[in-house]
Amino acid sequence: MRLSLAPRQDACQRVASNRKGRIAVEPVSQRNQAVAAAETVALVLDEGSPLPETAADVVDLARRLQERELRWLPGYENSGPVRIGNGAVDQLQLDVYGYVIKTLYLAHQCGVARCGDAAVLHQRLVEHLAERWQTPDEGIWEIRGERRHFVHSKVMAWAAIDRTIRLVESGALDADLFALIELRAAIHQEVCTLGFDPVRNTFTQSYGSHEIDAALLLIPRVGFLPPDDPRVLGTVEAVRQQLSTPEGLVRRYPTASGSTA
């Protein structure tokens with residue numbers, strides 16, 4: 001059994017905003033909230049969850065999250081099918097590790113004191129990610145259908161290891177630094193080799209695909225490559241040409257019908 005909780009990006013951005021805006025947050029409270037949120041996400045990451053599932057309310061929530069179609073409802077402006085629950089309950093989303101560990105790293109950067117629970121959780125998440133990062137998943141968009149090697153998921157796996165390395169180098173976390181550096185390099189090399197289209201000079205939505213998605217814009221934001229790298233510039237231009245709208249918005253990805261979502 002597994003749940004899929006979506007607001008991991010929001011939690012990460014909230015900590016980042018607090019740091020940049022220097023919003024005063026009571027340190028112990030902020031640390032405890034970050035650890036509690038990370039533990040909750042870790043409980044429901046995937047079938048190989050590194051934490052035990054013991055809470056009865058988590059089990060009950062899983063039952064209510066099973067997705068069903070309400071065929072008798074037309075949907076907003078006949079946009080059916082109408083579904084309740086969440087089909088992502090059975091999905092694997094490896095990008096979660098990156099968002100959780102980035103949040104723990106940003107909390108440390110904000111001056112939130114590390115605690116034993118946070119350190120143990122962090123280490124177990126990294127150990128689990130080291131075993132699973134090469135597994136295909138449904139990705140940030142919770143794609144329905146066969147799992148794929150989504151570039152964004154691999155980039156966030158890289159970000160998780162990168163932030164862990166920074167904490168180890170600063171003395172805030174105890175881990176095998178050499179092994180982490182090797183793992184970070186391996187992820188980076190694989191993404192740049194299998195997730196990049198040199199003919200079109202753009203990263204792709206998944207390994208070997210022709211499509212792109214808006215999540216590729218996060219590549220420079222998480223530090224995977226610098227903003228002025230030619231591959232990043234090419235990716236930004238590809239997103240602008242294929243996914244931008246006349247109103248200045250960016251769609252998530254192209255659909256099978258040829259439109260964009």
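Begin with the aromatic pairs, of which the structure holds 3; rings of Phe, Tyr and Trp (its six-membered ring) pair if their centres lie within 6.5 Å, with planes under 30 degrees apart counted as stacked, over 60 as edge-to-face and the rest as tilted. This is a predicted model, in which local features need pLDDT of at least 70 and side-chain atom pairs count only at pLDDT 80 or more, while totals for chains, interfaces and linings use all residues. Residues are numbered from 1 along each chain as its sequence is written, and side-chain values use heavy atoms, with hydrogens and water left out.

Select Trp158 and Phe224, an edge-to-face pair with 5.3 Å from centre to centre and 80° between the planes. Trp158 belongs to helix H6 (residues 151-169) and Phe224 to the loop between helix H8 (218-221) and H9, so the pair ties together parts that are 66 residues apart in sequence; helices are DSSP runs (H or I, at least four residues), numbered from the N terminus. Both Trp158 and Phe224 are buried, where buried means under 20% relative accessible area, exposed over 50%, and partly exposed in between (1.4 Å probe, protein chains only).

Select Phe196 and Phe203 next: the ring centres are 5.0 Å apart and the planes stand at 65°, so this pair is edge-to-face, and both Phe196 and Phe203 are buried.

Cys110 is partly exposed, at a relative accessible area of 31%, whereas Cys192 is buried, at 17%.

Finish at Val250, in the segment after helix H9 (230-243), which counts as partly exposed at 43% relative accessibility.

Notes: Helix = DSSP H or I, 4+ residues; strand = E, 2+ residues; numbered from the N terminus.
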